[in-house]
Each structure stands twice: as C-alpha cells, then as structure tokens.
Amino acid sequence: MNAIQPNTVKKPAFRSLKAYAFDPSLSLKIDTAGINQLVYKVPWEDLDTGPSGEYIEVVDYDPTVKKYFKPVDLNHPYLLAQNGLDPSESNPQFHQQMVYAVAMTTIMNFEKALGRKILWAPRLLEDRAKFEEYVQKLRIYPHALREANAYYSPVKKSLLFGYFSSFPANNVIHMPDALVFTCLSHDIIAHETTHAILDGMQYHYNEPSNPDVLAFHEAFADIVALFQHFTFPSVLQHQIAQTRGDLGSQNLLGKLAQEFGAAIGNYGSLRDAIGEIDEKTKEWKPREPNPNDYKREMEPHARGSILVAAVFEAFITIYKSRVADLLRIATNGTGILPQGDLHPDLVNRLSGEASAAASHVLSMCIRALDYCPPVDITFGEYLRAIITADADLVNNDSRNYRLAFIDAFRRRGIYPEGIKTLSEESLRYAQEPFLGQQQQDFFGVLLKFLKEFRDATIYTKDRAEIYRLSKSHISGSTTSEGLNKKIVFSMEDPGEFEKLTGLVFLTQNWEQYGVRTSPKYKGPSFRIENLRLVSRVGPDGDQLNYIIFSLTQRAGVIVNEDGTISTYVPDDAQEPPKRGFECWGGCTMIFDMANPSLRYAITKPLLDPDKLRQGIRQLNEKRILKQFRYQTEEAILHLSEQSLYFGAGINNNFNEPFAFLHNH
Amino acid sequence: MQKISHAEVRMYRLGTGDCFAIKFFSKEKEEPVCKLMIDAGTWSGSGTDLEPYIKDLKQYLDNYADVLIVTHEHKDHVHAFDVCKELFTEKDTKGKQFEVGELWMGWTENDRLKKVKEWKEDYGEKKKALGIAALTLQETMASPEFKKQFEGNRDAAKMLGARETFGKVLNGFADLHVAFEASSTGKVYKGGLAGMEVVKKDIKKKEVKYYKPGDVIQGIGNVEGIRIYVLGPPELQEEIAQEAGGEGESYQHNKVLRESDTFGAAILHLAGNDNGMDAGVLPFDEKYYDIDKRLEYIQEPEGKEAILKEVDSMDTIKKIYEAKDWRRIDYDWLFSAGAFALRMNGLTNNLSLAVAIEFVDSGRVMLFPGDAEFGSWASWHTIDWKEDDRSNGNTDGKKQKHLTEDLLNRTVFYKVAHHLSHNGTAQRLGLEMMKHKDLAAMATLDYNKINDGWTSTMPNRSLIKELLLRTRGRLMIMNEEGLFYDFNEEVPMKDKIEDARNSMTDKERKAFEKDFISNKRYLQYTVKA
C-alpha cells in the first residue's frame with residue numbers, strides 16, 4: 001500500500017483519450033460524424049512517450065521509408081487538458097494515441113471478464129534449457145507495412161499495421177487512391193490485439209490440426225472487436241434509434257472494418273455478422289444460417305465468420321427477450337411501434353439492455369477460454385466451454401442465455417462430438433470426475449501444492465512476478481520441486497490418470513506410443529502450461545475460486561499407406577519420417593479451491609478413451625486420421641493463393657499466421 | 001477451296017512453357033495447306049539448351065509460318081525468341097531465314113492506341129517495382145542483419161527457410177515478367193522481356209495484326225475451311241483484373257487484392273528511381289520526422305527547448321527499436337511483394353490472346369487460350385458475336401445457345417491454359433462445357449523445368465481428375481516425370497493416365513495410339529477436321 005501522503009492530489013482513475021469509434025470514413029458521413037468521435041477512458045498508468053506503458057509500447061518506425069515519426073507525449077499538460085490529440089488522419093501522433101487507447105480498452109475488457117491479469121505469450125528460445133523468456137510489453141508498429149493488411153506476429157510479439165492507397169469499387173463509396181491507415185480502425189486494432197491476448201492464453205491455437213483452430217482465432221478476434229462497439233453508449237443509442245430498436249436489421253454495430261472494406265473494393269464493410277450486401281441489387285439483406293457452410297468453408301476468416309454469426313445471433317435473441325417487456329409497455333401491448341422517432345427514454349432503456357446483454361455475451365465468450373482443451377479446439381468444444389463456464393458461475397439461467405447459444409450453434413450445424421443430446425446437461429462437461437482412493441490421495445497432494453501457489457500469488461499484481469511465480473511453481477526452484485515433478489513422483493496409479501487425461505503416463509514403453517522421454521527424469525515427457533488463478537463473482541454473488549492448468553503432450557505418429565498407424569519419437573533436430581507428423585494431446589485441469597477438489601478435466605486425448613475404458617491402451621486413431629486428412633488434403637485444397645505459391649504448406653507456422661485479411 | 005482433313009499439333013518440350021507448331025492438311029496434298037505457330041517460351045534454359053528444339057521446329061515448319069501468335073508477355077511464352085534470337089532472325093548455313101506471314105497479338109499489344117500506351121507505361125512501372133522488390137529481397141536476405149532478427153528464436157532456421165522459399169518464388173515471378181542483367185554486384189534490373197522485342201521488331205514478317213474479342217477471322221492466308229474466333233483478351237479492365245471465380249467457377253477460388261500503389265512507390269524509391277523523398281512516397285508531412293530542421297528556424301528559447309525535448313524522445317524510441325534484434329521489423333514489409341507478384345501474374349495471364357480454331361465443315365474446334373485465367377474465360381460468354389450463324393443448331397423456339405458455349409461444346413482439342421493450374425481453366429464456364437466425346441488435351445507442364453512456387457499449384461488435382469474423365473485419358477502432358485496424381489505422391493501421374501485410357505473403346509484406343517506421337521523433342525497429336 002502507498003504511504004499516506006497528505007496534501008497531494010490523487011492519481012486519476014482514467015486517462016481520457018479521443019479517438020474514432022469506428023474509423024475515419026464514418027466521420028465523413030453526416031449521419032455518423034457525430035458519434036464517430038469518442039473519448040476512450042483508459043485506466044490511468046504512468047506513461048512514457050510512445051506511448052509506452054505497462055502492457056504495450058508503441059514504436060512508430062516506418063521501415064518502408066526508414067523514418068521514425070515523432071512519438072506522442074500523452075503526459076503533456078495541453079494534451080491532458082483536452083483528452084489527447086484531436087482525431088486526424090494526417091497526424092501520426094494521433095495514430096499512436098488511437099492504437100494505444102483501443103488496445104488498452106481491449107486488454108481491460110479481457111481482464112474484467114477473466115478476473116486476472118493478462119500475460120503476453122512468452123518468447124520461445126532456441127536454448128531449450130532456458131526454454132522461454134518473459135515478454136512485458138506487446139509492441140505496436142502503427143506504420144509497418146504498405147499493404148491492405150495488418151497482423152499480430154507471434155514471433156516478434158508485435159502488431160504490425162499497414163497502410164495503402166484505396167481502390168474502391170466505385171468512387172462514390174470511397175475516394176480512390178486515398179491513403180487508408182489500418183491503425184485508425186477500431187475493429188482492426190481490437191482484432192489484432194485479441195490475437196495477441198489469445199496467443200498468450202492458449203498458445204497451441206496457432207497450430208492448424210483441424211479446420212476450426214485458425215478459424216477460431218479469427219472468429220474470437222472478430223467477436224471481441226464487434227462486442228466492443230456496444231460499450232460505447234453514444235454509438236449504441238444512435239444505432240438503437242436508427243434501427244428503431246431492431247438490432248437484427250442493418251446496423252453499424254454488427255459490421256467490421258467499414259473503411260477497409262470499402263477501400264479494397266467491397267460494397268460495404270469487410271465483414272458483417274448479420275447480413276451482407278447483395279452483389280446484384282447492392283442492397284443489404286440479412287444472412288440466413290446455412291449448415292453447409294460449416295461443412296464446406298475452410299478458409300479461416302470465412303469459417304470463423306460462421307462462429308461469429310452464431311454468437312451474434314445468440315446475442316440478438318438475448319437482447320430481444322430482454323426488451324420484450326419494454327416494447328410491450330411502449331406499444332400498449334400491440335408490439336407495433338408508432339411512426340417516427342422512438343422516444344429518447346425508450347432509446348435509453350433499450351440501449352441499456354443491449355449494452356448489458358452484449359457485455360454478458362462477451363464475458364461468456366471470454367470466460368469460456370478457461371474451459372477449452374489446450375490443443376486442437378473445435379467450435380463444438382467451444383460451445384461446450386461456453387455452457388460449462390456459464391453454468392459454473394450462473395446457477396440460475398433465468399433468461400435462457402445458454403439456450404440462446406445452443407440454438408444459434410445448432411442452426412449452423414455446429415455440433416460437438418461425443419455427446420448424446422444437444423441439451424445443456426449433456427453439453428456441460430462432467431463435474432468432479434470419479435476418482436478412486438489412490439487418485440484421491442494423489443490429488444490431495446496436488447491440491448496442497450496448488451494451495452501454496454495460490455497463497456503465493458493471490459495478492460500479486462505485478463505481471464512479471466505472476467509470470468515468475470507460475471513458472472517456478474511449474475518447473476520448481478532451488479527450494480521446491482514444482483508441479484511437474486509432483487505429478488510424476490506422487491502418481492501411484494498411472495493407469496487411472498491416463499483414463500482421466502487421455503495422455504500417456506506409463507512407467508515403461510511410452511516411446512512405443514510416440515512419446516518422448518523427459519530430459520529431466522525417466523518417464524514420458526509432458527508439459528504443464530498456463531498455471532493460473534481464477535476468481536470470479538457471479539450475478540447472484542456466487543464466488544468462484546479456481547486454479548487451472550493444462551497438460552500437453554505430443555506423439556509422433558505415422559499414417560501408413562494401408563491406413564494403419566505406427567509411431568516415431570519426435571526429435572526437433574530432425575524432419576519427421578514420411579507420412580509422419582505430430583499429434584498433440586492435452587487436458588485442461590480445473591481445481592476448485594473453495595471446496596478442494598478436481599472440478600473438471602477437459603481433455604483432447606492422445607489415447608482412445610473408449611478403448612481405455614475397456615482396459616486397452618491404444619492411440620486415438622480417429623483423431624489422428626482426422627488430422628492427417630485435414631493437413632494432407634482438405635487444408636491444401638483451400639489454401640490461399642499466396643500460401644499456395646509462397647508458403648511451405650499448411651504446417652508452416654514460420655510465416656505470419658494472423659493477418660487481418662487472409663492472403664498469407 | 002481446300003478441304004481440310006486434319007491438323008497436326010506439335011508441342012515442343014522446351015520445359016514448362018508454350019511452344020506450338022500446327023500444320024493443317026488437306027486430303028489432296030501431302031504438303032500442309034497452312035502453318036501456324038503459337039509462342040516459343042519456357043521457364044528456363046540457355047540458347048544452347050533450346051537450340052535443338054527450335055531447329056527441329058524450323059525444319060518442321062520449313063522456315064515459314066503463315067501466322068505466328070504470341071499470346072502474352074511472359075517468359076514461359078517468349079523466352080526462346082530471346083535466347084535463340086539468331087535462329088529466328090538470321091539466315092542459316094543454307095541461306096534460309098525464318099519468316100512469318102502475319103504476326104497476331106492481342107489488342108493490348110497495340111502500342112499505337114493511346115489507351116494501351118498509357119496503361120502499359122503504368123504497368124511497366126509496376127513490373128519494374130516487382131523486379132526491384134525481388135532483387136532487394138534477395139540482397140536483403142543475404143545480409144547478416146536479416147539473419148540477426150531470428151537469432152535466438154526457437155526454430156530460427158525454419159523461419160529463415162520459409163523466407164528463403166518466399167524469396168525464390170518471388171524471383172521466379174520477377175523473371176517471368178522482366179529481364180535482369182548480371183553485374184559486378186550481382187543482378188541488376190534491365191527492363192522488359194527481350195523475347196517480346198525480338199518478336200515485334202526483328203522477326204521477318206509481312207504484317208502485324210491485333211485482335212479483340214468478337215473478331216472472327218476467315219481462314220489463314222488464302223486457305224478457307226478454317227475459321228478463327230477471338231475470345232480474349234477481354235476489353236474491360238475489371239475482367240482482366242479477375243483471376244479467379246467463386247466456388248464452382250474455377251477449380252479453386254481465392255481473392256487476391258489489387259496491387260497497392262503505395263508499395264510500388266516505396267520500392268521504386270528504394271532503388272533510387274525517383275527524385276528524392278517526394279510527397280507521394282511519405283505518408284506524413286515532414287514536420288513529424290525531420291524535427292532537427294525546425295531548430296534552425298525557431299529562435300525563442302522555449303520553442304528550442306520544446307524541440308530539443310522532441311528530439312530526445314525520438315532518440316529514446318530509436319533506442320528501444322534498435323535494442324532488440326528479434327523485434328525489429330525492417331524487412332517484413334518487403335514480403336508484401338508476394339501479393340503484388342500474384343496480381344501482376346494474373347493480370348498478364350488474362351492479357352492472353354485466346355482463340356478457338358474451327359474446322360468449318362465439321363464444326364470441330366481446337367481451343368488455344370494462352371494462359372487465360374477466370375476473368376478472361378468469363379468474359380468470353382458475354383462477347384457480342386456479330387456472326388452468330390454457327391450456333392443456330394437449336395432454334396426451335398428455345399433460347400439460342402451463346403456461340404462461346406457452342407464452341408466449347410464442340411471443342412475436340414484443348415491446350416490447357418496456365419500449365420494445369422487451379423485457376424487457368426474455368427469450371428462451369430469452361431471445362432464443364434467441353435462435352436465432345438473426342439476431346440483431347442495437351443498441357444505444357446514439366447517438373448524438371450519449373451518455377452519453385454508453381455509446383456504447389458500445378459497440377460491442380462481436381463482439374464486433372466476432371467480432364468481425365470472428360471478426355472478418357474487423352475491428356476498429354478509435356479513431361480509426366482515427377483508428377484503424382486494424389487497429395488501423398490504415391491500414385492504416379494503416368495499410371496493414372498494409363499488407367500484412364502483404359503476407358504476408351506478398343507477402336508478409340510487404337511486411333512489415339514495412331515494419332516499420338518511422343519519423342520524427346522516434342523509430343524504430337526493429330527486432330528481430325
């Protein structure tokens with residue numbers, strides 16, 4: 001705590017910064033100019049010029065002309081007095097201010113929903129012994145490329161934004177050859193920042209082992225960008241008034257990257273969660289869900305937009321049910337709104353409901369990340385995670401939020417595998433899996449250790465320290481042996497633990513299953529990732545105190561020509577054998593610390609769970625064949641032009657995988 | 001009028017690229033009634049390498065082609081004119097010189113048209129930018145600074161490798177469009193492709209003709225009995241710019257953005273090709289970066305102090321940027337050249353002079369589309385054919401079939417566009433309309449001589465499958481060696497083609513074996529008129 005300092009002025013809670021709500025194009029239209037300029041309220045932090053703070057550093061160097069642009073000093077008294085610089089396309093300092101304001105807003109929305117600090121993905125080192133290195137700040141380069149694109153680079157832990165001269169479909173939509181800056185689009189900044197945050201939370205989600213993985217990354221980034229629109233009250237009220245309360249009709253809130261879309265020759269925004277512009281009539285029309293899309297669409301952004309549409313539809317359903325009573329009151333029960341503008345009070349109330357619903361939906365989506373398997377995510381599993389996470393926190397789903405989600409996913413043909421019915425009970429992951437006596441003792445040891453971890457970290461606010469503590473608790477330090485060894489050495493019944501996690505924990509012959517030997521002890525190698533503390537409070541005051549970590553393990557598998565499967569032991573210094581590739585298994589372990597027990601084990605098994613139940617240990621052939629088919633056929637068929645010519649194939653993570661527009 | 005009985009189509013095996021000689025015969029004479037040559041290009045090879053093929057071609061044509069068609073300006077269509085220039089332009093030891101009656105090109109090569117000239121100058125600048133981008137990237141990647149950015153990273157070698165692949169492919173695209181010259185420092189940009197110049201200026205010819213879609217040419221020279229329909233290049237910029245259609249339209253669909261002018265400007269600037277930093281290159285006013293300059297003009301101490309503070313803060317940013325090599329982004333932007341290259345490639349392909357050659361009596365058609373991509377194919381179906389009398393087979397009250405569709409229906413020989421790539425052949429508006437039972441196809445693909453990046457798109461599996469089905473194995477590929485039918489490279493193309501040929505009847509099979517000749521210099525197929 002700070003020492004008491006009499007007679008000093010307290011630090012402000014927020015720093016107010018002006019920026020566009022969407023992008024510069026909307027400031028040029030009479031009907032939206034008024035709402036497009038916003039004041040973002042970013043939590044106060046000590047800032048260096050750049051700006052550079054706790055989470056991000058903006059470095060405005062333009063490599064295409066080898067120039068540094070003057071960095072903005074947001075601490076300048078003149079800027080503090082007028083909420084930062086005025087929005088301007090021609091002032092690079094405003095660009096720096098805007099990327100800072102939007103990226104920080106996105107980060108804060110995550111922290112609010114997650115109930116903990118976010119950490120960037122660590123840098124992976126060549127030196128295997130050191131393994132990784134902490135990254136304090138995400139770097140943002142507002143003017144890094146001359147292309148209609150922007151991306152998060154997982155290798156450089158940086159966001160790179162491009163600028164380009166526009167080439168609109170016709171001159172009425174956008175001025176041709178005008179410079180367009182992607183770093184001035186709220187949606188693009190929020191999208192790319194989300195990629196970075198998600199990479200920090202689920203580091204394996206950039207490995208395309210099935211068509212949903214990269215699509216999930218894209219969808220999630222779009223969802224965050226879209227729902228952030230609803231946190232701007234003036235924008236929301238304006239749009240509610242304009243759509244007369246019907247958010248299922250054409251509106252700005254469901255549209256993504258308007259200026260960018262127009263500038264690259266579209267007839268509207270780049271993406272739209274609820275509708276599209278008919279190419280013939282040039283009129284907007286709502287998009288009907290088509291289950292075939294999920295079967296057919298393989299390009300990550302297009303496939304991702306199916307998930308975005310599902311989540312957005314769930315939101316619309318929830319919003320409609322929340323405002324049904326208001327509309328009844330306003331219309332004397334007829335449901336027919338009178339002609340003309342809505343009453344401002346009604347607009348206010350409707351906006352309040354929309355904002356609440358949007359914030360709930362976004363929180364549900366973000367929280368679900370903690371309930372996803374650590375590898376090989378599918379949309380179906382994400383639905384299960386959403387349902388489980390929400391049911392955990394909100395016992396009484398009085399407004400049928402969960403049903404709205406289930407229904408929206410069902411209408412798009414997104415079904416999780418391995419469940420018997422599409423009910424909330426079946427979708428929810430099994431709670432408190434049954435454990436035998438030996439397992440209970442084993443978990444008793446783990447829980448004791450996790451409690452120590454909690455006590456050490458619970459009041460830690462410094463992100464570097466959180467990272468250090470979690471790392472030392474995983475791999476051990478000079479004074480304690482760490483979770484990794486705790487698991488290896490306390491395990492009494494590996495067979496039972498295998499049934500629970502689906503991973504290989506045999507005490508002999510693990511290499512037969514393609515699993516490497518640990519460099520630290522004689523046993524199968526596995527990794528513990530993302531050890532974290534979760535504490536949340538539900539709307540009914542229910543408290544949740546969890547500790548979560550993920551176990552991951554890889555196996556080298558070979559799909560032979562006759563369809564049988566054999567294995568090899570992966571060696572990073574060598575190329576895999578012919579038809580050989582790595583299949584990752586993983587399990588997210590969720591522990592309830594209030595009522596000390598294992599609450600969930602959410603698994604993506606390497607071993608076939610059905611066979612394991614029968615006492616047979618066998619690799620999960622179905623998963624392996626699915627991954628093989630995807631990576632050797634389906635994905636190749638749908639690679640972008642650019643990856644086809646320039647990439648080294650589907651498994652090439654060594655180029656940049658997170659471009660805003662897919663041509664990498 | 002000479003009654004045409006058949007045509008011999010000879011594909012020279014120069015390597016991935018087109019070089020065709022076609023002789024038309026009548027029943028009465030042993031000598032051909034007319035001779036046509038289309039392109040002389042390949043992806044690589046020196047004059048010495050190609051000499052035997054070109055000599056063979058000259059002998060086959062007896063040093064004279066009634067018509068030479070040059071489809072478009074890509075190395076794989078004009079390279080031999082460059083490296084074997086003497087063979088095409090000088091007298092041989094017997095005092096004979098190669099000569100053509102008419103040279104045919106697309107309207108887009110007619111530099112006398114103002115519209116074409118302006119567009120070509122602009123396009124030339126872009127090609128130059130592509131060439132310079134490729135060179136810059138190559139030089140950059142050889143520098144120690146480039147490698148430094150990956151040092152210490154996990155999988156640094158693989159990251160570097162991925163970029164090296166990219167560089168190679170980009171070089172391939174640059175080579176396809178522009179010429180380089182060796183110099184003391186490596187390669188330098190030279191200009192347009194010399195092969196095209198040889199064709200336009202040096203080859204002896206009587207006349208040059210430029211064609212546009214909708215043109216119908218009655219006969220070659222004084223031989224009637226054949227009629228040539230010009231399908232492309234399209235007349236609209238939008239159609240030229242479209243290289244792929246949607247699902248079901250081309251064998252794979254994709255959208256590549258228009259090349260960004262901003263990128264080209266920065267690249268040209270990089271090579272010192274403009275006058276200093278002009279406003280067109282910089283995104284912002286100079287007051288945002290040249291701070292030091294302002295010091296000279298400002299006298300007030302407060303003003304000076306403020307500027308010195310700014311200078312200081314810029315130094316701080318510079319230090320932050322330079323502190324960590326692994327976070328630097330000096331070169332990432334150069335990889336935008338990929339989208340740029342693809343776009344240039346597609347555009348040029350769509351400038352191909354595409355023709356359908358019809359045997360008038362039988363209505364059978366040979367289709368030579370150059371490397372036309374989807375945008376061109378689609379435009380063929382909107383051509384206003386003034387002489388629409390050939391498509392009136394079904395006028396019984398029904399809507400008359402568009403002549404283009406009719407021509408495709410009657411196609412018995414198809415020169416596969418763009419070496420079996422995914423977007424070289426339109427699906428619904430192309431191959432699916434080729435329904436003739438005698439359909440045969442020739443593809444100019446050779447894995448021994450090909451651009452690095454192309455092997456991932458050529459051959460396209462779905463296209464091969466469809467072609468094998470429709471031709472029943474009458475698919476003739478320049479070189480089947482190294483080609484596989486499946487992704488896992490287990491079914492050799494040769495076996496699969498052989499397999500498909502089994503679906504012909506004995507009679508058809510015998511006829512095919514008689515019509516098809518294959519040797520080390522060329523493949524030849526006889527098309528019945």
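In chain A, the cover over the buried residues of helix H6 includes helix H1 (30–36) and helix H10 (344–367). The model is predicted; local features need pLDDT of at least 70, side-chain atom pairs count only at pLDDT 80 or more, and totals for chains, interfaces and linings use all residues. Residues are numbered from 1 along each chain as its sequence is written, and chains are lettered from A and ligands numbered from 1 in the order in which they are written.

H6(A) spans residues 233–242. Its buried residues (20 or more other C-beta atoms within 10 Å of their own, with C-beta atoms placed from the backbone) are Val235(A), Leu236(A), His238(A), Gln239(A) and Ile240(A). Helices are DSSP runs (H or I) of at least four residues, and strands (E) of at least two, numbered from the N terminus.

Helix H9 (residues 300–330) and helix H12 (residues 401–410) of chain A pack at about 140°, with axes 8 Å apart. H9(A) is therefore oblique to H12(A). Contact (C-beta atoms, placed from the backbone, within 7 Å) involves Ala310(A), Glu313(A), Ala314(A), Thr317(A) and Ile318(A) of H9(A). H12(A) contributes Tyr401(A), Ala404(A), Phe405(A), Ala408(A) and Phe409(A).

The contact between chains takes 57 residues from chain A and 52 residues from chain B. On the side of chain A that touches chain B, elements that each supply at least two residues include strand E8 (138–145), strand E10 (158–165) and helix H19 (621–637).

Note on methods. Buried ≥ 20, exposed ≤ 12 C-beta atoms within 10 Å, placed from the backbone. Contact = placed C-beta atoms within 7 Å. Axes fitted to C-alpha atoms, helices over the stretch in contact; angles between N-to-C directions. Parallel < 35°, antiparallel > 145°, perpendicular 65-115°, else oblique.
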